[in-house]
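Work through the exercises below with the sequence and the structure open. Each task is followed by a solution in steps.

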Amino acid sequence: MINGKILVVSLTIFSVVCFLAEDLCLGGMDKDGWKASPELVAKLTQRRSETNYDEQKVPEYTLPDPLLMSDGTKVTNAQAWKARRRPEVLELFRTYVYGRSPIGRPKDMTFKVFDLERRALGGLATRKQVAVSFTGRQDGPGMDILIYLPNDRKKPIPTFVILNFGGNHTIHSDPAIKLSGSWMRPGSGIVNNRAAADSRGKASLRFPVEEILKRGYGLATIYYGDIDPDFHDGFKNGVHPAFDKLQEGKRASDAWGSICTWAWGLSRAMDYFETDIEIDHNRVIVLGHSRLGKTALWAGARDERFAIVISNDSGCGGAALSRRKFGETVGRINTSFPHWFCENFRKYNGKEDDLPVDQHMLIALIAPRPVYVTSADEDLWADPKGEFLACKHADPVYRLLDGKGLGADWMPGLDRPIKTSAIGYHVRSGRHSLTEYDWRQFMDFADMHFLTSSQGRN
Ligand code: GCU
């Protein structure tokens, strides 16, 4: 009897200790974690009454199981994921969401280093500018890659690659950066004159170049409009005329949308990195903000050469779960930006539950490579909770492949990054933007993964 009592008491103490330990293991995370400010929810709801910003109004939904094959077979080992399920999921995203791009490296593509400065930024960096011609023809489509590599590190250098919104010259005031980013929106009379010299360095707050270099990373950036200008013209500009194969004069319903073309451009930059012995092409981190965060995820999902993938405030069609219909929805995004996704995606306007995928499966495609997703407190349009949940539901695939997933069950508090596992996540104070705070977490995350990788850091 006494023994029985002792047993009950011991078991109770044991469960309390386990409960506390569980909380400790989760980094002291509050189970409630981050929540949207009610004032902000009220304000945004008033401004956009057709948009749901209220957690209580998120519909019930069931996510597709990333580990369940279309034929009903359960994936139970890494081999089956790699050989069968991963290709299947990739194909679903190609067919129904982003569209299909040309396969592999274009056979006539050329690279020309037109600028090489060993003493750039006061001697801190080597600067290179590379003209990429996708077809090898002077009058064909192409892009310029601007690269800074730290001088005080042993080469090859692990490097961040990021598309920019305004032209390479906007990321830093370095006067030697070639002006880019001029295209015109036909009919609207709006000229994107960001190319003007006065926009040099205008986006520098989003690109802490010196800090990146001092931490031992290189930075490569490309103006996204070089690959495909960001407006809908029936796919006549950018890389489309050179690569699109029409069927009886028409585009296929799974032909690539702009996000896919931008992601394809990132893979072409990777083709260049593989030829540059100063860049460590095994340690390239692909990163993007907002629509370019969606792009970074798709680039990293389709091209396994990217070692780490980072999505900053990517929202709908990026890291956020579509089925939550919180903030921007599939119907909204396909209406506002009809050129971003493939035509098939429109079939799911208002019918998110019919989609054969959801965005947790996009993150799962990156496994077992490290992935980092961010949200911003005031960016409810991008659905911070939906972005976290996509990470959480990608976790089973990570665990199947390498035993380390997100390492968290609940959303962390504001400004409390989860960055010690294979899936990193944070929700930062403030608005939709890419900040120095975000960059610091990314570099910590990369440090951690590269240090622990067999190659180590220099
Ligand atoms: C719009 C769009 C988002 C996108 C963002 C951006 O807000 O609705 O989906 O992420 O633009 O790219 O800045």
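**Exercise 1.** Locate D228 in this predicted model and describe the surroundings of its side chain.

Solution. Start with the position: D228 sits in the loop that runs between helix 5 (224-227) and helix 6 (240-243). Next, look for a charge partner. D228 is buried but forms no salt bridge. R251 carries the nearest side chain of opposite charge, at 7.4 Å, and a salt bridge requires a distance within 4 Å. Then look for polar partners: the side chains of D228 and T261 make a polar contact of 3.3 Å. Finally, list the contacts beyond four places in sequence: N237, G238, H240, S258, T261 and W262.

**Exercise 2.** Compare the span of helix 8 with the expected value, then state which of its residues are buried.

Solution. Helix 8 covers residues 291-302, twelve in number. From first to last C-alpha it reaches 17 Å, close to the expected 16 Å. For burial, ten of the twelve residues qualify. They are L292, G293, K294, T295, A296, L297, W298, A299, G300 and A301.

**Exercise 3.** Which residues have the most contacts inside the largest nonpolar core, and which helix gives the core its largest share?

Solution. The core has 96 residues, and F93, I145, F273 and W298 have the most contacts inside it. Helix 7 (residues 258-273) supplies the largest share, ten residues. Now take I145 as an example: beyond four places in sequence, its contacts include V130, V132, I222, A269, Y272 and F273. Another core, of 27 residues, lies apart from this one, with I162, V209, L287 and Y372 among its members.

Terms used
Residues numbered from 1 in each chain as written. Predicted model: local features only at pLDDT ≥ 70, side-chain atom pairs only at ≥ 80, totals over all residues. Heavy atoms only, no water. Helix = DSSP H or I, 4+ residues; strand = E, 2+ residues; numbered from the N terminus. Expected span 1.5 Å × (residues − 1). Buried < 20%, exposed > 50% of the residue type's maximum accessible area, 1.4 Å probe, protein only. Lys, Arg positive; Asp, Glu negative; His and termini not counted. Polar contact = N/O pair within 3.5 Å; in protein donor to acceptor, adjacent residues only side chain to side chain. Contact = heavy atoms within 4.5 Å. Core = buried A, V, L, I, M, F, W, Y, C linked by side-chain atoms within 4.5 Å.
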